[in-house]
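Keep the structure open while reading.

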Amino acid sequence: MVPLGHYLVVSGILFALGTAGVFLRRNVITVLLSIEIMLNAVNLSFIAFGRTLGTVDGQIIMFFVVTVAAAEAAVGLALVIALFRHRESLNPDLFTSLKW
Amino acid sequence: MLVLIPLLPFVGFLINALVGRRLSKRVSGAVACVAMFGAFLVSAGVVWSLLQMPSGDRGVVQHVFTWFVSGEFEAPFTLRLDPLGAIMVLVVSGIGFLIHVYSTAYMHEETDAEFARYFSYLNLFAAFMLVLVLGANFPVMFVGWEGVGLCSYLLIGFWFTKTSAADAGKKAFIVNRIGDFGFLLGMFLVWTTFGSLDFQIVAHRAGQMPVEIGFGVISLATLLLFVGATGKSAQIPLYVWLPDAMEGPTPVSALIHAATMVTAGVYMIGRNAVLFGLAPDTLAIVAGVGVATALMAGTIGLVQNDIKRVLAYSTVSQLGLMFVAMGVGAFAAGIFHLYTHAFFKALLFLGSGAVIHALAGEQDIRKMGGLKHELPITYWTFLIGSLAIAGVPLLSGFFSKDEILWKTFSGGHTVVWFVAAVASLLTAIYMFRLVILTFHGDRRASATSPADAGHGHAAAGGHHHVGEGSHLHDAPAPMAFALIVLAIGSVLAGYIGVPAALGGSNHIEHFLDPSFAAPGLAEAGEGGHHDHGAELTLMAVSSGAAFAGIGIAVYFFLRNRSLSDRLATRFAGVHRLLLHKYYVDEFYDAAVVQPIRSVSERGLWRVVDAGIVDGAVNGAGLVVSGWGAILRRLQTGSLRAYALSILVGAVVILGYFVWR
């Protein structure tokens, strides 16, 4: 059986990749995908913990996260479409009007 | 029953204040007069029941409600009528009523709304004055005390569009505040010393104390109370407001600034006679201030040219005499003079009002003269008032003034007696100068025909066209009524106090005495058998002085006018000094008003207000906006920067929990 540490390492790597994607990519859609990767990295660690501890709690939380992620993706993509219609671009660095 | 006395005028005030502008003059005047007459009737009824009680134990008390309680301090709204209060209540409501009646004619030129405003103030004044007189403890008296001050301010400034009237009102109010401050401090000291503010309880506890030797706490308390009295009763150093108060309508001067309000200080000392009796030092100061005021105001009165101002200085001078009586411990004599003075001084003011009314607002006696035949009612009543105030024998002023002088002399205050006698000689001179310049001789100005004036016509009936071609009207009926009643009063009022030396029994003194003694300790306050011979001699001296004064006035101003003018130029310095009222106003202006003004402007305004207060407020704003300018750099609008700050925050919090 694969030990818990391995799952956590994979989860950590996925989370780091997702974080890097959020900060480094210049396309809003890619940023959203990176957020999905981060969420799934967390899901992975939940399930790994749940299996190790022999409970279903981890899986239950995972389902919640998946549900929220689906909703988030729907809203996020709708925003992306709206933004694109206004700015003809998907580069987040151009959307800087959210300030004083 | 007692509460009705102040309540009736107060209801009159409410009616005229709330709906007065919609009422006709006839109705609003009637409301005010009826309210006053009602108060007078109730007062007379209560005083009658008071007279039925055994002497020495006369008193009617009514507890109206508990005003406020704080810890062990309790201020009940209690009214009490005792012999002293009885005299005051009758004077205030009776003379007040006459002056209300007089006013209905005098103020007839005003519009309906102004007329109602005038009567609402006048009624409010009467209500407060009656509260002052009936209050059974210091706080209630203070309510009346402040209330009459307010009404005095309102009525002096009744014609507030005139700058001088508005200024005079402010001056009266501010000067009175100084006195009121002393009164308040005195009241606090009485509370801490005696543990009560009820007059009877204070008098009772004070009555068990020995007379204070040296200047102690009672002397201080009474002195502070006396400071209050100098403000309200226009004594040195706070008398300066009263002559200026003549800017108000003349009936107001008669009611407030001659007969009633200004005597409140005298009344207050009488009310606390037991307390003052314990403080000989204070009494000496009271007598000294009184006699100095009497002399000073008397000399100023000699040269003033405004008919009302002469009377104002005369009032100040007579009040000084009352304080002399208080200061030598002759409380009954002081109150007696207060009572007779109310008659003849109200009469004189109302008479001067009738003259002013007839001459369309002219007040300068240099432009009068020869009015004797044209204004007969005014002339004769005015003459009676002048004779009474001068102290001509068998008129009211003679009895009361002589009582004061005799008590002063027999008390051993020879110097005070001499100065007071000189002051009463001056009284006779300036009063008859006024009579002669106003009514005798020839008219010195003919430009004052009422046809082209705003104030002359009296619409009410009772016109007396004396002399063909004359356009002057004598006092109309309501004014004549008040003048005649007061003239009768000025003659007869003194007969309740005929001294024993003249075969009388001085009823008023025996009536009043219980009010000045500590309750329960009422002793036979009779001074024993005094020497009637000496008293008669003094009487002869002072009546001689009265006749001498009249004679001097007649000689200088009627027989030999040029002599008085020559005297004035010969002693130009003295004349100018008197004409400018000893430059006291100028001195106060330089010593008090201007320093306060410059401190306020340079210190309080420029430094404290503009510098410190505004600085603090603006500084708070500057600090906030400064920090805002710095902190807004964080709001870049860059999505990445926000995400980074969320990440850093999450890492820091996690790090804290991990490495804790």
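Predicted model: local features only at pLDDT ≥ 70, side-chain atom pairs only at ≥ 80, totals over all residues.

Residues are numbered from 1 along each chain as its sequence is written, with chains lettered from A and ligands numbered from 1 in the order in which they are written.

Chain B holds 25 helices and 2 strands (DSSP runs, H or I of at least four residues for helices, E of at least two for strands, numbered from the N terminus). Its C-alpha trace spans about 115 × 65 × 55 Å along the principal axes. Of its 660 residues, 50% are buried (20 or more other C-beta atoms within 10 Å of the residue's own, C-beta atoms being placed from the backbone).

In chain B, the axes of helix 2 and helix 4 come within 9 Å and cross at roughly 10° (axes are lines fitted to C-alpha atoms over the stretch in contact, with angles from 0 to 180 degrees between N-to-C directions). That makes helix 2 of chain B roughly parallel to helix 4 of chain B (an angle under 35 degrees).

| Helix of chain B | Residues |
|---|---|
| Helix 2 | 25-52 |
| Helix 4 | 112-134 |

Helix 2 of chain A covers residues 28-53 and reaches 38 Å from its first C-alpha to its last. Its buried residues include A:Val31, A:Leu39 and A:Ala48. A:Gly54 follows helix 2 of chain A, with a positive phi near 75°.

Technical notes:
Expected span 1.5 Å × (residues − 1). Buried ≥ 20, exposed ≤ 12 C-beta atoms within 10 Å, placed from the backbone. Parallel < 35°, antiparallel > 145°, perpendicular 65-115°, else oblique.
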